[in-house]
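Here is a short briefing on one protein chain. It covers the fold order, the surface and the charged pairs.

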Amino acid sequence: MRSLCRIAGLIAVVACLGCMSSSDHPDVGRVTGTVTLDGSPLVNAVLTFEPLEEGRPSYGRTDESGEYKLYYTDDDPGAIIGKHRVRITTADSGNEDEGVAPTPEKLPMKYNVRTELEEEVTGGSQTINFELSSEGEVAKESKNR
């Protein structure tokens, strides 16, 4: 009986090691940068890098200096290697329960709803900056929200 328990324990350990060594996590490149609007840092903007092929998008948010860092998951920095469609938005739906009002979009649709932005993510670390202009049509807030 003891040897059966040892064998079962050994199988469980080997199975766990196999799970840890084989990962479905794709190769990612680390991406940081700065976003400006008309030459000034764009604060609290959300960036989404959507792979043009398959894969999960990566997200980042700008700080007070307009700087961002992309995350593939909450704990894993980076974005899938390859070409991405990039969306940048300042709109926030707010939180009625906490009394936080929605923030309207201030960026033209060419950066979000109808984005024209594409970037290539490579292996390793890279800096991708965005110098945006306020010129262009901004999406109107939907009253059906």
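From the N terminus, the elements run α-β-β-β-β-β-β-β-β-β-β-β-β. That makes 1 helix and 12 strands. The model is predicted.

**Burial, contacts and surface**
- The protein has 145 residues, and 29% of them count as buried.
- Among contacts with a separation of 6 or more, 63% join residues 24 or more positions apart.
- The accessible surface is about 9800 Å². Carbon and sulfur atoms hold 50% of that surface.

**Salt bridges**
- How many salt bridges does the structure hold? The structure holds 2.
- Side chains of opposite charge can pair when their charged atoms come close.
- Arg-87 pairs with Glu-50, at 3.0 Å from N to O. This bridge links distant parts of the chain, with Arg-87 in strand 9 and Glu-50 in strand 3. The two residues are 37 residues apart.
- Glu-50 also bridges to Arg-85, where the closest N and O atoms are 3.8 Å apart. Here strand 3 (residues 46–51) supplies Glu-50 and strand 9 (residues 82–89) supplies Arg-85.

**Exposure of the arginines**
- Are Arg-85 and Arg-87 buried, exposed or in between? Buried means under 20% relative accessible area and exposed means over 50%.
- Arg-85 has 32% relative accessibility, so it counts as partly exposed.
- Arg-87 has a relative accessible area of 26%, so Arg-87 is partly exposed too.

Terms used
Residues are numbered from 1 along each chain as its sequence is written. This is a predicted model: local features need pLDDT of at least 70, side-chain atom pairs count only at pLDDT 80 or more; totals for chains, interfaces and linings use all residues. Side-chain values use heavy atoms; hydrogens and water are left out. Helices (H or I, at least four residues) and strands (E, at least two) are DSSP runs, numbered from the N terminus. Buried means under 20% relative accessible area, exposed over 50%, partly exposed in between (1.4 Å probe, protein chains only). Contact means heavy atoms within 4.5 Å. Accessible areas come from the Shrake-Rupley method with a 1.4 Å probe; for residues, only the protein chains shown count as cover. A salt bridge is a side-chain nitrogen of Lys or Arg within 4 Å of a carboxyl oxygen of Asp or Glu.
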